[in-house]
Amino acid sequence: MYVLAKPTTRPGAPGNPTKDNIMVLAEVLIPVADNDGASFGADVFAGFEAELVENFGGFSRLPGFVLGAWQDEGVVYQDELIVYQVALSSLLREGSKVVAVAESAKRSFRQEAIFVRYNGLAEVL
């Protein structure tokens, strides 16, 4: 005879997701240097990180760098990038914050576009 035990974890506990604790993970890729090779200062990154905390309540910065390349008018550019992760309670409610942060990052890091990933999708904003 088999007896099914009731779950011992409370709703929302790790391993017991509910609609209130499922998050959308968004990643924003930020270059460490501009197209001329000049590195961005720690103050620029600190400002960006403060903006992530203000908009999303926190962030994760993945260790190491990601190498990327892109082409513009026949010239191939290579970037070393830092991957920042933020958690969204809803892509529909907070997606505009991701766009606003990407627009701000474009100005702060002197970029024409910022690469963003979420839910297995990618956008260049």
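Reply: The mean pLDDT of the protein, the predictor's confidence in each residue from 0 to 100, is 87, and 83% of the residues reach 70 or more. Over residues 1-8, however, the pLDDT is below 50, and beyond near neighbours in sequence this stretch has zero contacts in the model, a contact meaning heavy atoms within 4.5 Å. Because this is a predicted model, local features need pLDDT of at least 70 and side-chain atom pairs count only at pLDDT 80 or more, whereas totals for chains, interfaces and linings use all residues. Residues are numbered from 1 along each chain as its sequence is written, and side-chain values use heavy atoms, with hydrogens and water left out.

The largest pocket has a volume of about 400 Å³; a pocket here is an open set of points on a 1 Å grid over the protein atoms alone where a 1.4 Å probe fits, with protein on both sides within 12 Å along at least five of seven lines, and lining residues have an atom within 4 Å of a point. The volume is the space filled by probe spheres set on the points, which are joined across faces, edges and corners. Of its 19 lining residues, Trp70, Asp79, Gln111, Ala113 and Ile114 are the closest to the centre. S1, S3 and S4 each give two or more residues to the lining, and S3 provides the largest share, six residues.

As for the strands (DSSP runs of E, at least two residues, numbered from the N terminus), S3 (residues 66-72) runs antiparallel to S4 and is joined to it by seven bridges, pairing requiring at least two bridges found by DSSP.

Note on methods: Helices (H or I, at least four residues) and strands (E, at least two) are DSSP runs, numbered from the N terminus.
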